[in-house]
Amino acid sequence: MDGVTNNPFSGQKYIKYGKYTFENITDQLHVTPHSEDHAVKYVVDMSVERQVSACKKYFSDAALAQSPVAGVKQEVDARTADVINGFFDGTVSEEKLADTFQALAGKLSRACEEAGYPIPLRSVGATQALTETFYSEFRRKILDIAVQRGNQEGKQYVTGEMNAQRNWKYYNSDYYFKSEAAISAISGGLNELAQGPAYEGFTLRDYKAEGLNLYYNYNTAFSNSISMDEQFLLNPDMVPPRDFQWFYQSGGDSAKRVFDADSLTVSRPDGTVEAFYDYRPTSFDPTDSRTAATWARYRDAQGNQHLVSADFFYNFSKDDLRNVSELLSFTQGDPAQDAAANRFLKNLQVYSKGHFSRFPQRKGFSCRI
């Protein structure tokens, strides 16, 4: 046929590729004559980077849940949760975690290839996209489980009934170091996995630069800025001291009690004070939104616990934003260990519920997670 491109499959109605069969439509490809004066040139970007970008959407958790490999994905997710929880429980080693990461990545990859998902012809870009996405989600699940465990542990320290007026936060550096060890283990597994020509130029996302707080480290997942009220930690790259804990809670009444006055002064006609009544709270009250409490502790090299605590008060002004180092300071332990703990206290801040809504500190906020 005139104008048909060179067709090596001429006369074939179907083309076989491995176990897949494609309809032969190469006879429909035509070359249209044109003059050089009106030529239009199209450049198709077939770079690996472009392929990876185009394929990532097919390997998200949501896409895989609706894909032909949804059943395998469920099995992989269940095993992922089991092995991560085992690691935090101390029953799974770093080596076992890395091996399981590799095995699960391979299982999902083989399932996609056998199902011809997202397309039967597996490209370098698709291979890299699947590997990068699987690693990122595994990493996110490590941090998510670490934060969940920390929150569950911290609930025991909350006084009274929690309600919408109150706020609390708990930090245990054990979860920072344990999650860092887990991430290091799967990163090592990834380095072993990402070998060969299919991984030439393979890179991971810059989670911090992209504002992917749930993927970066324990600190960004712990106080992730998705909500304006989540700004407890200032520098997410600051490493905490080992065996360090910090707790904070504010008071509040679910009945939304209003405090009309903090004090009453009774004066005589001549201006002299006859009586002064101070209604301000003197200690933490879980039902009083003006009150808050915080404590921190660490265990030293000899196994001794060092604890500092403070009750403090809010007036619902910009002054409610307090650096924790203004409230707590270690002075009775080893000077070096006290100094390390105090440095991290400077990296923490507290504020009344809704403070950043009343007194915004930024011109905008990021919705990225």
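At 24% relative accessibility, K56 counts as partly exposed, a class that lies between buried (under 20% relative accessible area) and exposed (over 50%), with a 1.4 Å probe and protein chains only. Accessible areas were computed by the Shrake-Rupley method with a 1.4 Å probe, and for residues only the protein chains shown count as cover. The model is predicted: local features need pLDDT of at least 70, side-chain atom pairs count only at pLDDT 80 or more, and totals for chains, interfaces and linings use all residues. Residues are numbered from 1 along each chain as its sequence is written, and side-chain values use heavy atoms, with hydrogens and water left out.

K56 forms a salt bridge with E132, with 3.4 Å between the closest N and O atoms. A salt bridge is taken here as a side-chain nitrogen of Lys or Arg within 4 Å of a carboxyl oxygen of Asp or Glu. E132 lies in helix α5 and K56 in the loop between α1 (48-55) and α2, so this pair ties together parts that are 76 residues apart in sequence. Helices (H or I, at least four residues) and strands (E, at least two) are DSSP runs, numbered from the N terminus. In contrast to the partly exposed K56, E132 is buried, with a relative accessible area of 3%.

A second salt bridge joins D77 and K141, the closest N and O atoms being 3.0 Å apart. D77 belongs to helix α3 and K141 to helix α5, so the pair ties together parts that are 64 residues apart in sequence. D77 is partly exposed at 26% relative accessibility, whereas K141 is buried at 17%. Both residues take part in a network of salt bridges that links D61, K73, D77, E137, R140 and K141. Elsewhere, the side chains of R205 and E210 meet in a salt bridge with an N to O distance of 2.5 Å. R205 is partly exposed at 35% relative accessibility, and E210 is partly exposed at 27%. The count of salt bridges comes to 14.

Grid points are joined across faces, edges and corners, and a volume is the space filled by probe spheres set on the points. The count comes to one cavity of 30 Å³ or more. The largest cavity has a volume of about 90 Å³. It is lined by 14 residues, of which D61, K73, T133, F134 and E137 are the closest to its centre. Two or more lining residues come from each of α2 (61-65), α3 (70-89) and α5 (124-154), and the largest share, six residues, is given by α5. By class, the lining has seven nonpolar residues, two polar and five charged; Ala, Val, Leu, Ile, Met, Phe, Trp, Tyr, Cys and Pro count as nonpolar, Asp, Glu, Lys and Arg as charged, and the others, Gly among them, as polar. D61, K73 and E137, among the residues closest to the cavity centre, also belong to the salt-bridge network.

T100, in helix α4 (residues 94-115), is buried, with a relative accessible area of 7%. Leaving aside neighbours within four places in sequence, T100 is in contact with R79 and V83. The C-alpha atoms of T100 and I84 are separated by 9.8 Å, the two residues being 16 apart along the chain.

A182, located in helix α6 (residues 173-193), is buried at 1% relative accessibility. Beyond neighbours within four places in sequence, A182 contacts F87, L97 and I142. A182 and F87 are 95 residues apart in sequence, with a C-alpha to C-alpha distance of 7.6 Å. D253 is placed in the loop between β4 (244-250) and β5 (263-267) and is buried at 18% relative accessibility. Not counting residues up to four places away in sequence, D253 touches N163, Q165 and T287.

Over the protein, the secondary structure comes to 10 helices and 10 strands. Buried residues make up 42% of the 369 residues. Among contacts between residues at least 6 apart in sequence, 70% join residues at least 24 apart. The accessible surface comes to about 21,000 Å², of which 50% belongs to carbon and sulfur atoms.

How values were computed. On a 1 Å grid over the protein atoms alone, a cavity is a set of points where a 1.4 Å probe fits but cannot get out, and a pocket is an open set with protein on both sides within 12 Å along at least five of seven lines; lining residues have an atom within 4 Å of a point. Contact means heavy atoms within 4.5 Å.
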